[in-house]
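Colleague: Could you walk me through this one before I set anything up with it?

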Amino acid sequence: MTLPTVGTRILFFTGKGGVGKTSLSCATGLALAGSGKRVLIVSTDPASNLDEVLGTPLTGEPTPIVGAPGLYALNIDPEVAARDYRERVVGPYRGVLPAAAIVSMEEQFSGACTVEIAAFDAFAKLLGDPSATVGFDHIIFDTAPTGHTLRLLTLPSAWTDFIASSTGGASCLGPLAGLEKQKALYAATVARLADPAATTVVLVSRPERSSLREAERTRGELAELGVANLLLALNGMFTATAPGDAVADALTARGRDAVAAMPVGLTTLPRTETPFLPKGTVGLAALRGMSQSKIIAVPSTLPTSSVVIPPGLETLVADLAQAGRGVIMTMGKGGVGKTTVAASIAMSLARRGHRVTLSTTDPAAHVADAVGEDVPGLTVTRIDPEQEIATYRTEVLAKAGDGLDAAGRAMLEEDLRSPCTEEIAVFRAFANTVDEGKDQFVVLDTAPTGHTILLLDAAEAYHRDVLRTELDMPDAVRKLLPRLRDPVFTKTIIVTLAEATPVHEAERLQEDLARAGIYPFAWVINQSLLASGTRDPQLAERGQYEVPFIEHVASISRAVLIAWKA
């Protein structure tokens, strides 16, 4: 058995996008149902493909899965939950406050923090209502809340008037403003999450260094909250069946080396390993294969494909080079290869004779390592988020923290550890780097999200969170938003993989950017096995799994394809 052994009624599966949370949670639920248990799978992922994986259309109510007696599933749509939640909080102020203030409030409640808190609100209600799950032996949650959200919701000061009255530049306090009445429910939910007799948290990871780092970060956050009943699930373990294929051998070595060097904290956890599945994990047959690895058949012949392979990265770089200067931003979810794509674009432009600065705001990115050599005309820099955040926190605490009691100050300090705060903090340094694009090329790995751009563009939030006074507005900051929205000055590149979750999440990112008036120049599909030239039967079959995702991306945007390289 390669799936998590279930000793508790509740399971939470968490991990980076694309690591296989949904497939593992569904396979675990399917195995439990096959043993005679009644199981409910609940997804709170805004990019959920639970319907697709289980082969049954789902709603917000428990739905029986066709072909799997005893298995039920439902989708909590956090976007809908966030919209309803936003309206509950903002609605009473319509017609009372000026229109500009309402727009600013709505944007404050449009970010990732609001979606996450609203999703927590929805599944807390599910857990807190005994009648909702009384008929089930096990409840499996696909996508658990982050440690940040849990810490925020467990702070006693989250339930004081401080939340509603705070105007000190904090980024997540607004979304909490409507939750005071839920205090008891949330406290019980967090307590249940930390109860090892009731709940197991499964940290899902690929056998990749970045994925394992993320799992370790989550483990540390949960440990701070007393959540210790953890299990590490390594998904997609690959071993070449016939050594000699360069791609298959490299993939085997990469996974082996990543697992051998995994963070120490993860080595202490119970661990399961699920094998690489050539046919993907969509459908009940594939899910059953995850727990019965011996039935996975290695194809005897290589599959053929009629898909039109999109052009490579050099075609895109040639078009980018025509402008002679400007900003190129690579964006996408963690683990899709933004850093390597940004480095490749920067190096190629420099080799064409252009002056190029390659920079990043990602604390986990190693752009210098990605370049790996001295390239004439290329300068590699880094915006240090920790330094920018420390400066920003000091400013906010000095201004907004003055006069707060200990509980209020603790709440403000926790909020200043949020992802939203980090984006706002690096905004000023980001503006200075973008300014260099007026004379040369600037390639930026990781840019502000559309939500952050809109947040900073709302007059009240902009002055409160960034500028403080008109006199403090640097020219680079004044020009930043128009530059990011100018398709001639700034080219945005969305990076994804040819898999369900990364593509769905990239589409959400594109919608987020569109709200801010930014539209991608192209999509890059990274690490394609289909285009790799591998002759390994398993990997070649997996390449065929990529086809519908490649065709989908090509139908909605200009697309380029980068082959998986040994």
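Predicted model: local features only at pLDDT ≥ 70, side-chain atom pairs only at ≥ 80, totals over all residues.

Colleague: What order do the seven strands of the open sheet take?

Modeller: The order is β11-β10-β12-β9-β13-β14-β15, with parallel pairing; strands here are DSSP E runs of at least two residues, helices H or I runs of at least four, both numbered from the N terminus, and two strands pair if DSSP finds at least two bridges between them. β11 (378–380) and β15 (559–563) each have a single partner strand, so one side of each lacks a neighbour in the sheet.

Colleague: And how many bridges join β13 and β14?

Modeller: Strand β13 (residues 490–497) pairs with β14 over five bridges, and I494 stands opposite W523 in β14.

Colleague: Which residue has a positive phi although it is not a glycine?

Modeller: That is Q527, at about 55 degrees, and its place is in strand β14 (residues 522–528). Q527 is partly exposed, with a relative accessible area of 30%, where buried means under 20%, exposed over 50% and partly exposed in between (1.4 Å probe, protein chains only).

Colleague: Switching to α16, how many of its residues are buried?

Modeller: In α16, 11 of the 14 residues are buried, among them K338, V341 and L349. Just after α16, G353 takes a positive phi of about 100 degrees.

Notes
Residues numbered from 1 in each chain as written. Heavy atoms only, no water.
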